[in-house]
Amino acid sequence: MTTVDSHCPYCALQCGITLEGAGGSPAVRVAPRDFPTNRGRLCGKGWSAASVLAAPDRLTTPLLRRDGRLRPAGWDEALDLVAARITAIRRAAGPDAVAVFGGGGLTNEKAYQLGKFARVALGTSQIDYNGRFCMSSAAAAGQRAFGVDRGLPFPVTDLDGADVVLLAGANPADTMPPLLAHLEGAQLIVVDPRRSATARWAVSRGGLHLRPEPGTDLAVALGLLHVALAEGCCDKEYIAARTTGVERVRRLVAAWWPERVERVSGVGAPELRRAVALLAGARRAGRGVYVLTGRGVEQHADGTATVGAFIDLALALGLPGTPGSGYGTLTGQGNGQGGREHGQKADQLPGYRRIDDPAARAHVAAVWGVPADSLPGPGRSAYELLDAAGTPGGPRALLVFGSNPVVSAPHAGHVADRLAALDLLVVADFVPSETAALAHAVLPVTQWAEEDGTMTNLDGRVLRRRRAVAPPPGVRSDLDVLHGLAIRLGQPAGRFPTSPRRVYDELRAASAGGPADYRGITWERLEAGAALHWPCPSPDHPGTPRLFTERFAHPDGRARFTATGYVGAAEQPDGAFPVRVLTGRLLAHYQSGAQTRRVPALLEAEPVASVAMHPDTAARAGLADGTRARLVGRRGTASVTVRIDADLPPGTVFVPFHFPGEQRANLFTDPTLDPVSRMPSFKVSAVRLEPDPRGEAR
């Protein structure tokens, strides 16, 4: 038996695991190990992660579309064809006619190389990634408030000492269960329209559940901030010494007294006051207090403003940068942190540098060996890029790595139509995803246990992903694919190396001096097991597990109060679409489900999409438990199985987003974008419920 220490391929906890295999056998077993994030615990997805390695429909040969069907081809034939068609499209319509769409599950090396490939080999500004749909509002709010974005600016283990934790829009009991071990000693205040598993756990242990009407999270945050500032619960010395902008925000939230917030959100004024009293009381007593946000408050057209208001609450209480307390956001995807630091985003260069910063362009261009003025500027954000695909002036070719936007993008039917209109769609994946089914070329690539590299978890610690088994014959790494395309597009062979270690060393050089500085986080130190958080500017630097202990990242060293006025959900119910629908995750599945729907145990637990609704909601629509319902929205219609759940409020239903075809929640989700982060409004849409004429669910 051989054993390899690595990390789970799913969420940003990056739980420590040991992979056990027999010699060269592809059979692998997963065992948990005692790592700080999970301490020997795993959720069902982690325990079953090796099943995806043996998926029966695993891609092992390139596929090219011929006569309307995807048919096997050789690697040289596939890469030659893709490069030739890219060259022709660029010649005819310019470099921005070719676009790239990446993923938050790619290793740091692949994310870095993808951004470099787009801007150097293709010369295009049109690159973004699915993390735009995940972390962008929290990242934008963090940048505004603190001058830098790192999901948790403290080790996750600091939560062990918390006395009170406010969780806004987060349901870790389902989305990252091992995190609960770090919250067992805290009294929880959960802000969630649903009585989620986390809300039930909190209440059972003496915590609070603030249950706003869908889309009113910002009103709740402003009400909490009003209480903190107007009713004597704030830390005046901290505010004076470490922040700026509080007087503007004080005037803004004066209009959001708790009784008004109750009328807007449904959260009672006494509950708002009690929540702030718990937070402020623990803080004054010198105990640990944290404010944490998740996708539930972020995936809205006002997501950046909502997160900003919760950060303001943390600032008013004196939490960020105070030992034993703080603010953080719970990053979702496995490399959601590293994936947004090194060049996949439309406006970004490696090291979390801005692409419109002349000094940043000069530094990165020197590392890449190209003129700074050859680098393109910012491009379209993720949904805008997909929406423009195949349109006049939009991309005519799209390369997709590590993402499945046919299921995961909002207004998914429209997105599928746009992808079908492309002259060239190339998908690199290890299973035939719903997006791959539309492609002109599908390139089979390695997955997590078949590759070396690094990942960055939710608290900014850089981790080694280690290869445990060889990939199936015929499968190449994403780095091999990018190298093969780059040289066919005229790039020098050495500019796009295929060795993860070589790419990582170049990433370190490119990040040096940037906000996310990896220069001192060497491969050797990671191999030796060092716990290193960025920034780490030199090989003798210990890393920075806790940010903001002395100053924030703005030039004056102060954090910014940033709260703005309340608008409400972008899409409201009306007579034609009277029901609010929330979307989210299930315990058994992950993201678009392309991986977890191929794990027998997980699929058995949740085989189909369901719509959870209150019995009164079902009765009004003529529906019963186990029947099939149509959710008819302004953009599309989904057909799913009814599940009665008295814990949901009447008039609100919940649908998971992991399922394909007519079960896609994103057929009706709202693509209205946050004006700052360009995050779509995934969380709240309006539909009407109808019985599906096909009756009983399968």
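In this predicted model, seven strands form an open sheet with mixed pairing, in the order E5-E4-E18-E17-E16-E6-E7. Strand E5 (69-72) and strand E7 (127-129) are the edge strands, each of them pairing on one side only. From one strand to the next, the twist averages 20°.

The pairing can be followed strand by strand. Strands of a sheet pair through backbone hydrogen bonds, either parallel or antiparallel. Both senses can be illustrated here. Strand E4 (residues 63-66) pairs with E5 in the antiparallel sense over four bridges, and Leu64 has Arg71 in E5 as its bridge partner. E4 and E5 form a hairpin with two residues between them. In the turn of that hairpin, Asp67 has a positive phi of about 55°. The parallel sense is seen where strand E6 (residues 98-102) pairs with strand E16 (residues 397-401), again over four bridges. There, Val98 has Ala397 of E16 as its bridge partner. Helix H3 (residues 108-122) packs on the sheet and touches E6, E7 and E16. The direction of H3 makes about 175° with that of E6.

The next topic is the packing of helices against one another. Two packed helices are described by the angle between their axes and the distance between the axes. Helix H2 (residues 75-93) and helix H19 (residues 478-488) pack at an angle of about 55°, and their axes are 9 Å apart. On the H2 side, the contact is made by Trp75, Asp76, Leu79, Asp80, Val82 and Ala83; on the H19 side, Val481, Gly484, Leu485 and Arg488 take part. By class, this contact of H2 with H19 comprises six nonpolar, one polar and three charged residues.

Helix H4 (residues 136-146) packs with helix H13 (residues 303-317) at an angle of about 45°, with the axes 8 Å apart. H4 and H13 are therefore oblique to each other, and H4 passes H13 in a right-handed crossing. H4 contributes Ser137, Ala138, Ala140, Ala141, Gly142, Arg144, Ala145 and Phe146 to the contact. From H13 come Gly303, Thr304, Val307, Gly308, Ile311 and Leu315. The residues of the contact of H4 with H13 divide into eight nonpolar, five polar and one charged.

Some backbone details in the loops complete the tour. Gln14, although not a glycine, has a positive phi of about 50°. This residue is placed in the loop between strand E1 (2-7) and strand E2 (16-21). Gln14 counts as buried because its relative accessibility is 1%, and the cut-off for buried is under 20%. Gln591 is likewise not a glycine and has a positive phi of about 45°. The loop that holds Gln591 runs between strand E22 (579-584) and helix H22 (600-605). With a relative accessibility of 24%, Gln591 counts as partly exposed. Finally, the peptide bond from Trp534 to Pro535 is cis, with omega near 0°. Pro535 lies in the loop between helix H21 (523-527) and strand E21 (559-560).

Methods:
Residues numbered from 1 in each chain as written. Predicted model: local features only at pLDDT ≥ 70, side-chain atom pairs only at ≥ 80, totals over all residues. Heavy atoms only, no water. Axes fitted to C-alpha atoms, helices over the stretch in contact; angles between N-to-C directions. Parallel < 35°, antiparallel > 145°, perpendicular 65-115°, else oblique. Left-handed = near helix turned anticlockwise from the far one by under 90°. Contact = heavy atoms within 4.5 Å. Nonpolar A, V, L, I, M, F, W, Y, C, P; charged D, E, K, R; others polar. Buried < 20%, exposed > 50% of the residue type's maximum accessible area, 1.4 Å probe, protein only. Pairing = 2+ DSSP bridges.
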